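Hi,

Here is the structure I promised to pass on.

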Amino acid sequence: MDINQLTAISPIDGRYWRQVSSLSPYFSEQGLIRYRVLVEVEYFIALCELPLPQLQDFPKEKYADLRKLYENFGEEDALQIKEIEKTTNHDVKALEYFIKSRFDALQVANFTEFIHFGLTSQDINNTAVPLSLKAGMNTEIIPVLHRLQTKLQELSHQWEAIPMLAHTHGQPASPTRLGKEIMVFCERLQQQVHSLEQVPFAGKFGGATGNFNAHSVAYPQIDWIGFADTFVNEILGLKRYRYTTQIEHYDQLAALCDNLKRINTILIDLDRDIWQYISMGYFKQSIKKGEIGSSAMPHKVNPIDFENSEGNLGIANALLEHLSAKLPISRLQRDLTDSTVLRNIGVPLAHSLIAYQSLLKGLDKIEINIKAIHEDLEDNWAVVAEGIQTILRREGYPKPYEALKELTRTNEKISFSAITAFINSLSVSDAVKEELRLITPFNYTGI
C-alpha cells in the first residue's frame, strides 16, 4: 500500500499534510539526510582550507560542485542513500559512501578517504539536526508566532475602549476592558517568544568520545579545538560546546522545548478564554457560505478552530515534555536512546504549527457582540460595590465594606435603582454622593 494522505497513520502526514508540508525540508528523513550531506561537504572543504598536507592539492574550483551535492539534493539522491543503507545497516556510513561515489564522478577520487575523516556519526547528526532545527524554527515556526503577536495587538487596540464584565472564580468581578484582556496575552507571548529567540542552537563536534582522539593522533600539530570552534560556530552558525561525550548534551535543545511548551501553554489559556467568551455570547463567529457547524443541529456554529488549536497544543506539549526530559540523559559516554527520540523533533513542531494556524483562523473569524457584553454589565451593578466602599473608606465612613456586603449579598439582583437608593441613604456630603453616582459598570474599568 502506498503512503498518502488517506493511508498515513499520523494525521500530520494525512489530514493536516497541507498545513505542515512546509516543515518537510527540515524534519523529514530526506531533510535530515540533506543536512548531513551539508555538514560532510563543509567539513571536507574546511579540512582543505586548513590545509591538511594531503589536501593541499585539492582543486578549489571543485568547491562549488561539492556544495551542489546538498544545494541540489533531491529525492533521487535520498533514495540512493537509503539503498546503500540496506547493505551498510548504518545511515551515516551509507551517506559517506554516497559522497565518495560523487567524488568519483567529479574526478577527485584520490581524496575520498578524507570524507568523514576522524569523525563519529554524532559529529554529523549533532550538527545536522540543530542546523535543520534552526532553519525550520526561523523560517516556519517563529514567523507564525510573530503573526499571532501582531494579530493579538491589532485586536487589543481595536477593542481597547470596550468595557467588559470580568469573572474571577467564574463569578462577576470588577469590570475590565476587552482590549486590556487581549493585551495580557500579547505581553505574555512577546516575553516568551523573545526568550525563545535567545536560545542558542548547539552542536557537538569532537570525535568518537569528544576528545579528538583520531584527529590528534594523526595530526598532533594541528589545533583541533580551534578548528572545531571555527567550523561549528562560524561556518555552520551553531554554538559548539567544548566538553561533551560522544553526543551533544542537548541542554539547549531541552531549553528550546521547554520554552515552546510555555508558549503553547499560554496559547491554550487563550484558546480556552476565547472559547468561553464565545459560549457567553461576547463573541460571534463569521462563517463562510456552505460551512457546516454541526451535523445534527443546523443552528450551531461551533468554536472548532480554538478547540483544534487546544488539542494540537496539548499533543505538542506532551512530546516537548518528553524531549526536554529525556534528551539530556545518556548513559556514560553515550547510549542510543537519543537517536530515535530526536527523529521526532519535527512532530511537536508540526502539531504546534497546526495549532497556531487554527488559532489565527479562529481569531480572524470572531466578531464582538457589544449587545451581549453591555447586557451583562447592566445586569451586574453589584460589581461597583468595590469602588463605592473604597471611596467611603477615603471619607472615613464607618465600616463601608460591611455596609456594601449587607447590600450586595442578598438573593435579589442588585440593580441601578438599588445602588442609587443605597447612595442616597448614606450620611456623606452631596458632593461625595454625586461622585458615587457617577460610578457605573460601564466606566468602572480602572486605568
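Which domains does the domain assignment of the protein chain give? There are domain 1 (17-117), domain 2 (122-204 + 242-368) and domain 3 (380-438), with bounds that come from an automatic or database domain assignment. Taken over C-alpha atoms, the centres of domain 2 and domain 3 are 44 Å apart.

Before the details, a word on conventions. This is a predicted model, in which local features need pLDDT of at least 70 and side-chain atom pairs count only at pLDDT 80 or more, while totals for chains, interfaces and linings use all residues. Residues are numbered from 1 along each chain as its sequence is written, and side-chain values use heavy atoms, with hydrogens and water left out.

**Cores**

A nonpolar core here is a set of buried Ala, Val, Leu, Ile, Met, Phe, Trp, Tyr and Cys residues joined through side-chain atoms within 4.5 Å, where buried means under 20% relative accessible area (1.4 Å probe, protein chains only). The largest one has 116 residues, and Phe44, Leu267 and Tyr356 have the most contacts inside it. Domain 1 and domain 2 each supply at least three residues to this core. Apart from it lies another core of 17 residues, including Ile388 and Phe422.

Leaving aside neighbours within four places in sequence, Phe44 is in contact (heavy atoms within 4.5 Å) with residues including Leu55, Phe58, Leu66 and Phe103.

**Pocket and cavities**

On a 1 Å grid over the protein atoms alone, a cavity is a set of points where a 1.4 Å probe fits but cannot get out, and a pocket is an open set with protein on both sides within 12 Å along at least five of seven lines; lining residues have an atom within 4 Å of a point. Grid points are joined across faces, edges and corners, and a volume is the space filled by probe spheres set on the points.

The largest pocket holds about 1100 Å³ of space. Its lining has 43 residues, and Phe27, Ser28, Glu29, Gln30 and Arg343 are the closest to its centre. Domain 1 and domain 2 each give at least three residues to the lining of this pocket.

There are also three cavities of 30 Å³ or more. The largest cavity has a volume of about 130 Å³, and of its 14 lining residues Pro130, Leu133, Ala202, Glu248 and Leu253 lie nearest its centre. The second largest cavity, of about 40 Å³, is lined by Glu40, Val41, Phe44, Leu66, Ile99, Phe103 and Ile115.

Best wishes

Notes
Buried means under 20% relative accessible area, exposed over 50%, partly exposed in between (1.4 Å probe, protein chains only).
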